[in-house]
Amino acid sequence: GERIEPVTTLYNIWTHEALPILAGEALEIDGQFHTFLRDHFTNQATHMDTRLIDVLRHVAGKFSARRIEVVSGYRSPKYNLMLRKKGHQVARHSQHMEGHAVDFRIRGVATQQVLNYVKSLRMGGVGFYPHSEFVHSDTGKIRYWRGS
């Protein structure tokens, strides 16, 4: 009967779904995480790199974030191509299409602060999109960039 407070709750801005993240539950959340980060355009899911859970958990702890807004997780090749054709800044071979990336923000915390912290984790690529106010984190090689 004891109530367990989540470390944070992920909120998908497209599907309006919430996924509570509890301390030390990486294996239990695994299946839900893949579905939660599915492509909202095609409704396709893929196997997401679960190291992304660690990034989000670290960020939540650092900023005492009760909620993290997820802007993008998995991106199907079809949706990625559509975004490119519309002129959005998306890589031709995006880490999102591999299930290795998540874009997110924390309301009330400056995007630059989140960016600096995620860079300090040295867990992969980190992109900063100041106009859209989100940070991209992926599990590829370590690299940094700034979008518009």
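**Close-up views of a predicted model**

**View 1. Lining of the largest pocket.** At least two residues of the lining come from each of strand S3 (67-72), helix H3 (77-85), strand S4 (101-105) and strand S6 (134-138). The structure shown is a predicted model. The volume of the largest pocket is about 710 Å³. It is lined by 32 residues, and those closest to its centre are Arg75, Gln89, Val90, Asp103 and Phe134. By type, the lining residues of the largest pocket comprise 14 polar, 11 nonpolar and 7 charged.

**View 2. Phe104 in strand S4.** Phe104 belongs to strand S4. Its relative accessible area is 0%, under the 20% limit, so Phe104 counts as buried. Leaving aside residues up to four places away in sequence, Phe104 touches Leu56, Val59, Ile68, Glu69, Val70, Val71, Val114, Val118, Phe134, Val135 and Ser137. Leu10 lies 94 residues from Phe104 in sequence, with a C-alpha to C-alpha separation of 9.3 Å in space.

**View 3. The two sides of helix H3.** Tyr79, Asn80 and Leu83 are buried residues of H3. These three are on the same side of H3 because they cover an arc of only 100° around the axis. Exposed residues on the other side of H3 are Pro77, Lys78 and Lys85.

**View 4. The residue Gly87 after helix H3.** Gly87 follows H3. The phi of Gly87 is positive, near 90°.

How values were computed
Residues numbered from 1 in each chain as written. Predicted model: local features only at pLDDT ≥ 70, side-chain atom pairs only at ≥ 80, totals over all residues. Heavy atoms only, no water. 1 Å grid on protein atoms, 1.4 Å probe; cavity = no way out; pocket = protein on both sides within 12 Å on 5 of 7 lines; lining within 4 Å. Points joined across faces, edges and corners; volume = space filled by probe spheres on them. Helix = DSSP H or I, 4+ residues; strand = E, 2+ residues; numbered from the N terminus. Nonpolar A, V, L, I, M, F, W, Y, C, P; charged D, E, K, R; others polar. Buried < 20%, exposed > 50% of the residue type's maximum accessible area, 1.4 Å probe, protein only. Contact = heavy atoms within 4.5 Å. Arc of directions from axis to C-beta.
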